[in-house]
Structures are given as C-alpha cells and as structure tokens.
Amino acid sequence: MLKKIFDKYFHYWMVFPAILLLAFVVIYPTFNLFYTSLFFKNGQLGVTRFVGLQNYKKLFFDTNFWQYLGHTFIYVGSAVTISLILGLIISNILNKAIKGRSALRTIMLLPWMIPLVLTGITWRWILQDIYGAFNALLMQLGIINQSIAWLTDGTTAMIGVITADFWANTPFVTIILLAGMQSIPNQLYEAADVDGATGWQKFYNITLPLIKPSIFVALVMRTLFAIRALDIVYALTGGGPGESTEVLASYIYNLGRRWLRMGYGSTIGVILLLITIALVFSFMFILKPGSARE
Amino acid sequence: MKFFKNKLNSGDNISLWQYLFLGAYILFSLFPIYWIIITAFKNPSAVLELPVNWIPKNPTIDNFIYVFRERPYLSYTINSVVAALSSTLLCVVLGTPAAYSFSRYDFKGNKVMFFSVLVSRMIPPIALIVPFYSMMQNLGLIDTKIALIITYSFFNLPFVIWVMKSYFDEIPTGLDEAARIDGASKWQIFKDVVLPVTLPGIAASAMLAFIFSWNEFVFTLVLTLTPAAKTLPIGLMDFIADDFIDWARLMAGGALAATPAIIFGLFFQKYIVGGLTKGAIKE
C-alpha cells in the first residue's frame, strides 16, 4: 500500500526535499528582503519601526548611493566588456588547430578557480608601491624610475580593481564561447573556404552569428558575477582611497553588517536585485539569444 | 563528448600575432599565481628586499608552519573542508533526484518550479545578507558551520539541479522504458538504470559545488566571527587588518586557499569544463 502511494507520487517525492530547502534559503530570504526594506531597522539602536516606502524616498537624496551606483556601472561595464573581447580573441585562437589545447585550458582556468578574495589580495600585493611586483617590473624594464602608489589614486585604484576582476573572470567567458564555437559544424567553414573567404570574414560571418547564444550566456553570467562582487573590492582597496572604489555591493555590506542599518541596507539590496533583473531583460531584448538557433 | 574534440575547426592556422597574443595572455594569467607561490616560499624579511627576487633565494616552508602554529589556519582549513564537503553532499543528494524528476516527469508545477530554480540564480547573494543574518541570529546559528552549510545551498542547490537536469535530458528515455517493461519500479529505474550512466555529471556538479563553497566569501564574512566557523578565504583578511601586512605568511595562507582550485584544475579539468558549459548553456 505504502509502496503504491510512493510510486504514484514518485515525481513529487523526488522534488519535495529540494524544494523545501530552496523555500528556506531562497524564497523566504527574498521575501524577507522586500519586507525588511519597508522598515527603519537599526541593530545598534535596537529600533524596528514600519516606515512604508520612506527608505526608497531616501534613496533619491542619498548622494553616496548615486556615487556608488556610478562606480558600479564603471566597474561592471569595463570589466565585462574587456572580458568579452579578450574571451572572444582567446577562444577563437584555442578553437584552431592548436597543440596542447587541453594544457592551455588548464592554465587558463586557474585564475577563475582560486577564491576571489585571494585574487583581490594578490593584486593588492602586486600593486603595492614599494615591494610590489608591478612597480618592480616597470622599473627593471626602465619604463619608470620611481615607484608609483597605484592604490592611493582613485583612478588607478579603480583600474586595479577592474584588472583583478577581468583577470579572474575572463576564463569563464572563454570556456563558454569556446564550447559555442566547437559546436559549429565544420562544413560551414569548408564551404566558406571554397568561396575564398578570409579568416576575418569567416569569423565575422560564420562564427560570430552562430555563437550568439553563447555570447548571451557569457554576457549575462559575467554581468551577474561582477555586479554582486564584494570580494575583490573588499580585499584590494576596501572601497578606498576615500570612497573612490565603493560600489553598491560594498555599500550593502557596510550598511547591513557593519553599521547594522538593516532596513536601509535591504532597500539597497532590493535596488541591486532590480538592476540585475533589468540588465538581464535588456540583454535578452538586445541580443534575442533564441534567434541563432535552428 | 563534443566539447573536447581536438579536430581542426575553423580551418585556419594560427598567425604569428595570435601566438604572441596567446603567449602574452598566458603570462598575464600565470604571473599572479607565480607571485603568490614565490612569496609564500620566501622568508618574511626577504619579501622586503629590493630589488625584488623573482626566484626565491632560500626557499622555506616556515610560513606554512607559522600559519598553522601561530594563527588559527588549522581551524580555518578544517572549517573550509567540513563546510564545503557537507554542502556539496547535501546539494547533490537533494538536487539529483529533483533534477531527474524535472527531466523525466511532466507533472503539475514542473515548469513553475524549474523556472524558479533558474530565477533564483539571478538573485545576488550580497542583496540577501540582512535576511540571512537575521534568520541565522533567530536560529542561534551565527558563527557555526551549520549556518554555512545551509546557506551555501542558496547557490549550490539551484546549480546542481540545473546541471544535472541537462545531463539527464541527454540520456535517451528508451533506457527507462526498457527497464519499466522489465518490471522495475520508478525508484529502481532512477537508482539502478539512469543514475549509473550520469556519474560523470554527478562528479562534475559535485566538484563545481565544492569549489563554489570553498571560495564563498560574502555569506561567510557576514555569518562568522571566530575561528570556530571562519573559513580560509575569510581567514586571509586577518592579515589585511594588521597594521603591517605580513605578505610572506599571507601568501602561504593564500596558497592553502588556492589548493583545491589547483588540484581540480590540473586533474579534473574535463569535468569542470563539462559541468560549467552544461550549467550555462542549456535551457
């Protein structure tokens, strides 16, 4: 009897435990986020008071928010663009008849697999002004004759953060694009050869349109990773110098965990979630990833 | 498997410029890792010598001994291993049956539930730090490994379900049919017929889930306070908080934190790449 019931609702039994856990770790916290954003909740003062949309109103006059939003767009925009361009070039090379592709892929993947906080720390050490590797290299090559304090200038610090980010995340883009390229049938290229197409023409007219779905996936995943990333900023600059590398992710961390301004921190969290969704939808709208599939 | 074919694909040979570009990129990729390793094996005072030694003069393992003896890196390492292994096990055990059900059965709520799994991968963990902190505080789980194991399933469980479903989708249903005609129960079909064929998929998703958990930073930073639960990546920040950063010993800690990445990358690259592309591309 029991066995029969088990067999009849088998598909639900299989899904049930996973969905239960997901409800606990995804659905509940997400609802809680929206709910908390409607409160003035301060852990230091021990106050929790319903304020409706007051926190959202406050956003408009919060100059920090707008400044960090700007930094976030600069960071995400540059890191994602550079990763995509580099990823396209490298995957296109690896897609050719190259010896030791497997070994190259292993080497290439390493930066992606180490913890991002270690990436941030390592680049902080590379860019360190006196004993760091970057200044040492530049000096030994005769490019500069005095060490430069890269991380005490707002602009170079941001460039450092972006570099660490695309160093770590370009491998992911490359792997996704390479998989897309390898699924293109060879006959297409052979036909193009018969017509006397150049390498660039083949790349532009065959490869690029056919890997559009992969480009879409790489773009979306890459943007999601960059917009949420706290690790690199936290470890490399701590938001500094001044506030020149503070992004929305670090703002949420400071508000929610360091200053215990939990209500307002949740409001910024909601905004970050909405920005993420808006970006994914606009990529879908612009790239129409389904259109390259048969 | 199509991702690993080694045939000539776009027909062209590689130009000199492309070789140079690839070479420069490989140098750029490897240099920071080389810098971690040489710093980790240098004497702490040798790190502060100019000009910089690109090859350590008297390589030493003292930094590794130091982080284990004088700093709580043994606890950090144990916490990292326990949290990552447990979360991986939990998510593979719960996620694989769910993925099978999503792949094979067309039941009420199938689409909605699977779609919500997809959407949950879009939620930035950083946005949820306040809810998770409050939740774990209410449960009295702040600064425990249990909090980490539960929290890591936020990203691991959707990932495992997603990847495993595309592995199951690739296995012909004829296999299930044949077993059913032979009188196997639904559970037996799953356990004895389909599951053994998807072992590479399970290996791939388990390895990636392990790496994601091992590298996790945001949740762990928020939910842990002491060596009772702090993991290696969080432990590295101890050094940054010091007035004077002890780079040699910090990089020894960093090398420890990078170990799984290096092991998985060198020996199981095929699984990692397979799982990654499956996790990303299929719809």
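## The contact between the chains

In this predicted model, the contact between the two chains takes 85 residues from chain B and 85 residues from chain A; two residues are in contact if their C-beta atoms, placed from the backbone, lie within 7 Å. On the side of chain B that touches chain A, helix α1 (residues 16-40) of chain B gives the most, with 12 residues. Helices are DSSP runs of H or I with at least four residues, numbered from the N terminus.

By class, this side of chain B has 62 nonpolar, 19 polar and four charged residues. Ala, Val, Leu, Ile, Met, Phe, Trp, Tyr, Cys and Pro count as nonpolar, Asp, Glu, Lys and Arg as charged, and the others, Gly among them, as polar.

## The domains of chain B

An automatic or database assignment gives chain B domain 1 (14-60) and domain 2 (71-281). Their centres, taken over C-alpha atoms, are 32 Å apart. Eight residues from domain 1 of chain B and nine residues from domain 2 of chain B take part in their contact. The domain 1 side comprises five nonpolar, two polar and one charged residue.

## Confidence

The predictor's confidence in each residue is the pLDDT, from 0 to 100. Chain B has a mean pLDDT of 88, and 94% of its residues reach 70 or more. Within chain B, helix α13 (residues 269-281) has the lowest confidence, at a mean of 78, and helix α10 (residues 218-223) the highest, at 96. Over residues 1-10 of chain B the pLDDT is below 50, and this stretch has 22 contacts in the model beyond near neighbours in sequence. For the complex, the predictor gives an ipTM of 0.91 and a pTM of 0.92.

## Conventions

Residues are numbered from 1 along each chain as its sequence is written, while chains are lettered from A and ligands numbered from 1 in the order in which they are written. Local features need pLDDT of at least 70 and side-chain atom pairs count only at pLDDT 80 or more, whereas totals for chains, interfaces and linings use all residues.

Terms used. Helices (H or I, at least four residues) and strands (E, at least two) are DSSP runs, numbered from the N terminus.
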